[in-house]
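Have the viewer open and follow along.

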Amino acid sequence: MIKVQKLSKHFGKVKAVDEISFEVKEHENLILLGTSGCGKTTTLKMINRLIEPSAGNILIDGKNIFEQSPEILRRGIGYVLQNNGLFPHYTVAENIAVVPQLLKWDKKRTEKRVAELLEKLHLTKDYLSVYPNELSGGQQQRVGLARALVADPAVLLMDEPFGALDNVTRSKIHAEFKALDELKRKTIIMVTHDVQEAFELGDHICLMDQGKIIQDGTPAELLFKPKNDFVKEFLKEQRLLLEFKTSTVKSLWHLLSNEEIKGLGPGILVNYKDDLWTVLERSTFFNAERLNMMNLENKEMKTVSFESLMSAFYQYQKGDSHE
Amino acid sequence: MNEQQQTLWEFMQQQSDKLLTQTLQHIGLTFVSLFIAVLIGLPLGIFITRKKQFSGPVLGVAGVLQTVPSIALLGFMIPLLGIGAKPAIVALLLYALLPIIRNTFTGITGVDAAVKEAAVAMGMSKWQVLFKVELPLAMPVIFAGIRTATVITVGVATLASYIAAGGLGEFIFGGISLNNTNMILAGAIPAALLAIIFDFLLSRLQKLNIKKLRTVTTDLPLLLLLLSSLYFIPSAYGTKLKAGFTPEFMGRQDGNLGLISKYGLKIQTLVINDAVMYKAAYEKQLDVISGYSTDGRLKAYDLVVLDDDKKIFPPYYAAPIVRENSLKKFALLEKILNLLAGKINDSTMTALNYKTDYLHQSPERVAKEFLVANKLWKPARNGNDGIVRIGSKIFGEQYILASIYSMLIKGYSNYDTSTKTGLGGTKICFDALTNDQIDFYPEYTGTGLLAILQPSPKIIDSLTHSKDETYNYVQKEFETKYSIKWLKPIGFNNAYALMMRKKQAKDLKIKTISNLKRFLESK
């Protein structure tokens, strides 16, 4: 869907982005992860030509983006900014309708689409005629997202979209983000410096440093098969949490065996596809002694204790990292 | 106080035609200039946000223009654009430019970078970003600039009357020269009100919410155009020759009023400042001007005085007028000042004036040369028996006289002197004297009679034909009314005079004011 080939951007002698290449498949979420100054935002902005590269090529759907007029290109790419960038002199409705207006949609179509998006983003119609400064940070970010999605672009670029939100609001929006059907049809490139966010939302992560991609892979690959010490170091602080979140019951299935548990404590039904973090949260909440799980492929049932699940995880972790 | 207001009100009613014309001219002048300034300043301001390397030079030049004294700027305009509306508008718009350019620049660069980036990223073209995002968001700041420019322009537009562009300055400067408080107020109050009203109206516009601003942005140019057109409503009638008179001359019985009543002279008249009038005549912008018979520029610009065959211009013999208290305080002063009595005749004074006005020699040098040539010069004694304060009005002849007196006092006594030159018109100078700000200044008998004493027309008629009667009358009246003493006349008569270019006067065979009238009435 999106192919980036040997892309570079030099500001004077500084190589902000240095010959990077990556690919994003259709409907995939790619996260550009790294500390500030690593070149991730510059890379993102070259994809909608807010910044013109010094060298390299970008193809979207096989078409070279440098052969199109930048305005036309941008109208087909959704863009969400960290500080939302809403127009303070436009109402919420007008803000969302910016791109349809540029594309000269008729009024009815625009209104219908705006109303539809507002509903999906859990904003009531009362907000239509409100100005951005009257909204909370989370609401502003939702409007910013609606503005980017309104013309149903195939590609969505997001520059630290949740960076300005407090933790509570952020995790709420993360959940909404994952649940939003509109986004499942999009190819998304998102920039963040937040490791947790990257692991939570990304199908695929490019970890960048000093203008280069250090490792490009799935969250599990980054965790369990780090390419070098930089990757290990980068993930170190949140390693356990991330590992819990990236390992699913499914991935440990072969290490688990059915057991007889004599205790009379409560049992819970564990989803085969759940990650360990979710299982941990639920079993602590219910104070569960038995975890009942079923392999959805061959309908095999297993009941295990929490301790066995943990030892299976350690085994998995060891095996994977020594592979 | 009540009486004062009453008479001001009466004056304004009496002069309501003129007042209306001047006010409309003033509004028109302000908004023509403002309109053009916006037309130039706004695009220029936008341009320098796009090409930042030009922002320094452009703002710098606009800033320098702002610091040029307004009267000097008007003076520069005359060789380029002549006199009248054109140079006044150009000068005013140059003043209005800086706040408009600067606020446009500041306003647009101040728009949140994230908002601009969002606009570009949504797929807006450069122009769409400018008109949909940058300008609407910068509008309050730009408005503030236009507001500042408006107030500046209303103020500076009073000076437009210096170069015959009309406006409320005609009353203000006429009133200052004529010692007529009502006239000053009749010009100054409306001018101040205009500034306050426009400022208020624009502040209301500025506070409208951004949404309504969109309609305002389109209506404002129309409004500006409408107000600008006011300037062209009161158009003057044309005659074969064009006259330019100072505001002082315009309002005086022994000036334009006398020309109309005694000679029946009808000529298209512009009101213009003394400083630029002679030049305008020389440059053929004007044909007839009101000047002073001893003015050096008469010689410099090759002008000729028309004979006042009906004797409407009273004698203007110059003499120092001194506070009586000062004469007591400085015992030697009267004797020293009288050293100059009868020493300078008309042609001598014209020659001295020519040296300063045209050859640009300093008044001090001209004064010293004159004293040396007349064997009156003595080196300064640098004494410290007190300081004599000398005043002078704001033209060359008075500067020379003040210098001469200063040298005489320092040479013949142990007094020191301080000179307060350039005290505007008669009113300012005379007020300074009565309020004990200066000890003496050179005054003219005619001015003392007509501008300061202002007796009834009958008395004036009976006096003005005779030099001595006029002198005796002002001497007596000043002494009783103000305790101010007229010393002996210096000798020359710096009377009002009508002047024309020598060549034109010769070609048209005009020698007297009656000739001029006949020429104007012939078809």
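What follows goes from the domains, to the contacts between parts, to one helix. Keep in mind that this is a predicted model.

**Domains**

Let's start with chain A. Its domain assignment gives domain 1 (2-237) and domain 2 (247-322), and the C-alpha centres of these two lie 35 Å apart. For chain B the assignment lists domain 1 (2-232), domain 2 (242-311 + 498-521) and domain 3 (318-494). The centres of domain 1 and domain 2 of chain B, taken over C-alpha atoms, are separated by 34 Å.

**Contacts between parts**

The size of an interface is often given as the accessible area lost when the parts come together. Here are two such contacts side by side:

| Parts | Area buried | Share from carbon and sulfur atoms |
|---|---|---|
| Chain B and chain A | about 1,900 Å² | 64% |
| Domain 1 of chain B and domain 2 of chain B | about 1,300 Å² | 71% |

Between the chains, 19 residues from chain B and 22 residues from chain A take part in the contact. On the chain B side, E117(B), A121(B) and M122(B) lose the most area to chain A, and together they make up 33% of what that side buries.

Inside chain B, 16 residues of domain 1 touch 14 residues of domain 2. If you want to find this spot from the domain 1 side, pick out I83(B), Y162(B) and L178(B): they lose the most area to domain 2 of chain B, together 36% of what that side buries.

**A closer look at α5(A)**

Back to chain A, where helix α5 covers residues 107-120. The helix has 14 residues and runs 20 Å from first C-alpha to last, close to the 20 Å expected at 1.5 Å a residue.

Which residues of α5(A) are buried? They are T110(A), R113(A), V114(A), L117(A) and L118(A). Look down the axis of α5(A) and the buried residues fall within an arc of 135°, so they line one face of the helix. On the other side of α5(A), you'll find K108(A), K112(A) and E119(A) exposed. The cover over the buried residues includes α3 (92-96), α4 (98-102), α6 (137-149) and α8 (181-184) of chain A.

Both ends of α5(A) are worth a click. After the helix comes H122(A), which has a positive phi, near 60°.

Definitions and conventions: Residues are numbered from 1 along each chain as its sequence is written. Chains are lettered from A and ligands numbered from 1 in the order in which they are written. This is a predicted model: local features need pLDDT of at least 70, side-chain atom pairs count only at pLDDT 80 or more; totals for chains, interfaces and linings use all residues. Side-chain values use heavy atoms; hydrogens and water are left out. Helices (H or I, at least four residues) and strands (E, at least two) are DSSP runs, numbered from the N terminus. The expected span of a helix is 1.5 Å times one less than its number of residues. Buried means under 20% relative accessible area, exposed over 50%, partly exposed in between (1.4 Å probe, protein chains only). The arc is that of the directions from the helix axis to the C-beta atoms. Contact means heavy atoms within 4.5 Å. Domain bounds come from an automatic or database domain assignment. Buried area is the accessible area (1.4 Å probe) that two parts lose on being put together, summed over both.
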